[in-house]
Amino acid sequence: MENHVKLISGAMVTLAIATASLVVLPYLQLRHEPPTPGLKPYTEVQLRGRQEYIRQGCVYCHSQQPRDPSQAPDDKRGWGRPSVAGDYYYDRPHLLGTMRTGPDLLNIGARQPSPDWQLGHLYQPRAYTPGSIMPAYPFLFEVKSEAGPGDKVVALPPQFAPAGGVVVATQEAQDLVAYLLSLDRTFPALAPLADASPASK
Amino acid sequence: MDIPLLLLSSFIIAVTGLFFFIWSLRRGLLDPDAAGAKVIFSPGEIGRVEEPAATGVGQRELQRTMTASHGEPDADELQARLAADASSARPAFVLLGFAVFWLLVASLAGLTSSIKLHEPDWLTQYAWLSFGRIRTIHLNAVAYGWAPMAALGVALWMMPRLLKTRLEGARFAVCGAVLWNIGLAIGIGCIAVGINDGMEWLEIPGQVGVLFAVGGAMIGLPLVFTLRRRKVEHLYVSVWYMGAALFWFPVLYIVAKLPNLHFGVEQATMNWWFGHNVLGLFYTPLSLAAVYYFLPKVIGRPIQSYNLSLIGFWCLAFFYGQVGGHHLVGGPVPEWLVTLSIVQSIMMIVPVVAFSLNQHLTMRGHFAALKHSPTLRFVVLGGMMYTLSSIQGSFEALRSVNTVTHFTHFTVAHAHLGLYGFVTLVMFGAIYFAMPRIVSREWPYPKLIAVHFWLVAIGFAIYFVSLTTAGLLQGFAMLDASKPFMESVRVTLPWLEGRSIGGALMTLGHLAFAAHFLLMALARGPRRSGAAILRPLARTA
C-alpha cells in the first residue's frame, strides 16, 4: 500500500459503517419508542439516588435487564419479565450492566419493597444474606450514641448492630434506597415490535 | 422493509466490496517475496538479528539461530536510523514513563478489587476504596493510562524508523502527553470521589475528557507530520495499523461523549460500540503494529506473507467495528443489531487466522530464538494470546455460549486475555527493545527481565484459568433455576481467591519491571559494555 490518503479514507469508511449500524440506526429506530405504559418518571429524590447508584458503582455487579424465559430462568428468580426498550425511557445514562456478581435489580423495588431491609442490607449485606460478597457501605451511615430528631435509624439484627449506639442512615443512603424501591417494571410490556423485541424464539 | 433481508444483502455487498478493495491495493498479490515486507530492513540487513534487550552473549547466541547474513548493512541507512531514533527518543521516553506509572497504579487497584471480591468486609470504611470505585480506577488506569501511553509511545518510536525520516514536531507530543496525563489524574480523582458519567469505559467526566481530546490530538500530530515527510515509497503494514488507529480513536471518543444526545437503550448500544471498538480499533491495531515490526526485526527475517497481512488489516477494519452488540445478547435491544454483531464477531476469525498464520510461518524454524531474545518472548507470547482471545471472543458471541458466559467472570477473564495477554505482553516486549535505543544504555539487570517474564506469565496463567473456571461455574449455576442465586456466588469463591494469587504475581512482575525501568532511566546499575553492543555502528554515534 503506497497511498496514505487511501488508507485513512478506507479506515474512516469502515468506521462509518460500524457507527451507522451500532449508533445511528438504533438512534433512528428507538427515538420514537414511547415509555412502557405504567412507567413513571423518576422523582427528584429517586434521581439523586440513581446518581448515588452511579457514584458507588453498583452497575459493575448488578444488571438491569432480565432475559427472556426461553433463554434463562430470570423470571423464576423473581427478576421480572424480559425488559423492553420502553422500560428505559427515563434512563440517562443507561444502567443495563454487564455483570451478575449480584442479582438483576430491574425489579428490586417489587421484590424487596421494605426500606428498612434495603438500608440494613446496605449497611451490612451479610446481616441479611449469609455468604453475600457485596461490599458493606458503612460510610453511607453514621453511628450515633442516640438518634436525634428526624434521624432515620436503621433496624439491624442485634449481632450486627454496633455496641452502644444506633446506626443512622445519611441522606445519600436514603436517596439510594428511594431509587432502588422505584425499580419496579412489573406492569406488562406492550406487545413487542417485530424488530425491537428481546431475544425471543 | 424486511430488516434481516436488508442486512443480509448489505452484508454481502459490503464483503464483496471489501475484497474488491483489497484486490485494488494488491501489488503482486500472490508474490511470496513481496518487496513491501522488506521495507523495515536496510539492504544487506536481512538475516541479521537485532535485539537491544539481550546481552552481548545473548546476541551472538541469537545470531547463531539464524542462517548467516548476506552481507554488511548499508552504513548510510543505519546512520539514518540512528537519526530517526534520536528524533523520537524524548517523546517516546515521556510516554513510556507515564505508561509504567499507570501500570503500577492499575496493578495495585486491580489487586485490591480482586481481594475485595472474596473479602467483602476488607477496607470498607473508605468510599474511594470500595469495590465499585477501585475497580473502576483500575479499568481507567489501564484503558486511558498504561495501554494508550505504552502503545502511543511505541508508535512514536516506530514511526520514524518505518518511514525512514525524523519525527517531526516531537515537542507537541511531549506537551500532549502532559495534558493527557493531567486529564487522567483528574479523571481518576473524580472517580475516587464519586463523580462519574456512569457508563463503563466512559466514566471519566466529559469535561475532563476535553483534555484527552486536546492531548491526544497533540500526540497524534507529529505522527501525521512524519507520515507526510516519509522517505519510503511503501507504507509498511505497521504504518497502516497505526495510521488507522490514530484516526479511529478520536471519532470513537467524541461520538461517545457528545452530551445530551444518547438515551436509554440507544445509549447502551453506543456504549458497547465504543467499549469494544476502543479495544478493537485502538489497542489492537497499535499492538499488532508492534508485532509486525518487532517480530521480523528481531529475527532479521521479513514476514512470510505480506499479502496475508493486507487481507488481515482490511478485514479487521471492516468486521471489528460492528461486533460491539454482542455485549447485549438477550438484552432489550433490536434483534437485528445483536444478530449483526454476532455475524461480524464470527467473521473476525478471518483476519485473526490471517495474522496468526503469518506470525507462525514467519517464526517457523526460528523458535530457538525465543531462548535468547526477551523482546521476542513477550511479543510472540502476546501474539499467541491475540489468536486465543480473538477466537474465544468469536465463539463467546454465539447465543448458546453467551447464555452461559454473559454476566459472569468469564467475560472478565476474556477481557484480560485480550488486554493483558495480548496488548500488555506485546508492549512489554516492545519496551524492552526500544528503551536501550531511547536512552542509549543497556538494561542493567538482564536477570530482572527473566524474573518479570516468568512472574507475569505464571501469574497470568493462574489468573486466567481461575477466573474462567469461576465464570463457567457461575454461569451454569445461574441457569439452573433449582439452585438459589447464592449458589452462583458460592461456587466462585475459591476461584476468585485463585485470581487474587495470580494477580499478586502479576503485580510483583510489574514492580520488577518498573524498578528496572527506573534504574535504567536514572543510569543506575552495572554497565557491561555501554551502548557499544547495540550495533557496531553505534560506537561512532
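A: In this predicted model, the axes of helix H3 (residues 75-118) of chain B and helix H5 (residues 170-193) of chain B cross at roughly 10° and come within 8 Å. Axes are lines fitted to C-alpha atoms over the stretch in contact, with angles from 0 to 180 degrees between N-to-C directions; helices are DSSP runs of H or I with at least four residues, strands runs of E with at least two, both numbered from the N terminus. H3(B) is therefore roughly parallel to H5(B), the term for angles under 35 degrees. From H3(B), B:Ser87, B:Ser88, B:Arg90, B:Pro91, B:Val94, B:Leu95 and B:Phe98 meet B:Ala170, B:Ala173, B:Val174, B:Ala177 and B:Asn181 of H5(B), contact being C-beta atoms, placed from the backbone, within 7 Å. This contact comprises eight nonpolar, three polar and one charged residues (nonpolar: Ala, Val, Leu, Ile, Met, Phe, Trp, Tyr, Cys and Pro; charged: Asp, Glu, Lys and Arg; polar: the others, Gly among them).

Chain B as a whole holds 17 helices and zero strands. Its C-alpha trace spans about 70 × 55 × 45 Å along the principal axes. Among chain B contacts between residues at least 6 apart in sequence, 84% join residues at least 24 apart.

Towards chain A, 77 residues of chain B are in contact with 65 residues of chain A. Helix H8 (residues 264-299) of chain B gives the most to that side, with eleven residues.

Residues are numbered from 1 along each chain as its sequence is written, and chains are lettered from A and ligands numbered from 1 in written order. Local features need pLDDT of at least 70 and side-chain atom pairs count only at pLDDT 80 or more, whereas totals for chains, interfaces and linings use all residues.

Note on methods: Angles under 35 degrees count as roughly parallel, over 145 as roughly antiparallel, 65 to 115 as roughly perpendicular and the rest as oblique. Two residues are in contact if their C-beta atoms, placed from the backbone, lie within 7 Å.
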